[in-house]
Amino acid sequence: GETWATAFWTLQDAIDAAAAAPGGAGGEVWVAGGTPAAPIVYNEPRTVAWGGAVGDPGRVVGSLIMRSNVGVYGGFEGYRGGAGAQEKDRLKRNRAQNIAVIDGSVSRGGNFAFHTVIFGGVNAITTNSTLDGFVITGGNAAGTSGVYHTWRGGGILNYGSTPTIANCIITGNHAETSGGGIANERSNLGPGDANIMNCLFYN
């Protein structure tokens, strides 16, 4: 994951590697996109469990779990078989020309994720975290009996955390109760206040 030629193929692996940097320093994940006519869609199965201990009915998979001290940035041309720009400076990315889609529609074992992206957790909030430059789609908080969070935050569930969400298009998500695009939920650990900049929510 340290060069474009050796990039991770899945987003969660890259995020977790950055979060595991020595001393908890974290880092940045740069994500390649495709052309406007052929965006790169990241819809791989996501198997990291969230929402409680093993056996807890609120424990779900399918979501991209954001980590503390990690910034995730889309809009790069990247490798493209060796012919891409292989940017070395984040300022060289072009979000309008290199579209990266985080899709939850089949990421839960072939089914929709309740939340395409998650910040925070039951036992800890997510701090110093940024999501910047993506289309976020395919989340469906359709609800599971007795499990509060599964009814809220189809596109993004922000649980008790204060992330930065910038330059994103959040579209084509659904929630049975609230927050089809995003639900900012207060927890006993934090306020659930996202800093949202230059984002478009629709459909």
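This dialogue covers a sheet, a helix and the nonpolar cores of a predicted model.

Colleague: In what order do the strands of the open sheet lie, and is the pairing parallel or antiparallel?

Modeller: Strands of a sheet pair through backbone hydrogen bonds, in either a parallel or an antiparallel way. Here 5 strands make up an open sheet, ordered β2-β5-β8-β12-β16, with parallel pairing. β2 (40-42) and β16 (200-202) are the edge strands, each pairing on one side only. On average, neighbouring strands of this sheet are turned by 20° against each other, direction ignored.

Colleague: How many bridges join β2 to β5?

Modeller: β2 and β5 (residues 100-103) run parallel and are joined by 3 bridges. I40 has A100 in β5 as its bridge partner.

Colleague: Which residues of helix α1 are buried, and what covers them?

Modeller: In α1 (residues 11-19), the buried residues are L11, Q12, A14, I15 and A18. They lie on the same side of α1, because the arc they cover around the axis is only 165°. Their cover includes β1 (27-32), β2, β3 (64-65), β4 (70-76) and β5.

Colleague: Which residues have the most contacts inside the largest nonpolar core?

Modeller: V72, V117, L131 and F134 do, in a core of 27 residues. At least two residues of this core come from each of α1, β1, β4, β5 and β6 (117-119).

Colleague: What is L131 in contact with, leaving aside its neighbours within four places in sequence?

Modeller: The contacts of L131 then include M66, V72, I102, V117, F119 and I136. T164, I165, A166 and C168 are also in contact with L131. A second, separate core has 7 residues, among them V60, I65, I118 and A183.

Definitions and conventions: Residues are numbered from 1 along each chain as its sequence is written. This is a predicted model: local features need pLDDT of at least 70, side-chain atom pairs count only at pLDDT 80 or more; totals for chains, interfaces and linings use all residues. Side-chain values use heavy atoms; hydrogens and water are left out. Two strands pair if DSSP finds at least two bridges between them. Helices (H or I, at least four residues) and strands (E, at least two) are DSSP runs, numbered from the N terminus. Axes are lines fitted to C-alpha atoms, for helices over the stretch in contact, and angles run from 0 to 180 degrees between N-to-C directions. Buried means under 20% relative accessible area, exposed over 50%, partly exposed in between (1.4 Å probe, protein chains only). The arc is that of the directions from the helix axis to the C-beta atoms. Contact means heavy atoms within 4.5 Å. A nonpolar core is a set of buried Ala, Val, Leu, Ile, Met, Phe, Trp, Tyr and Cys residues joined through side-chain atoms within 4.5 Å.
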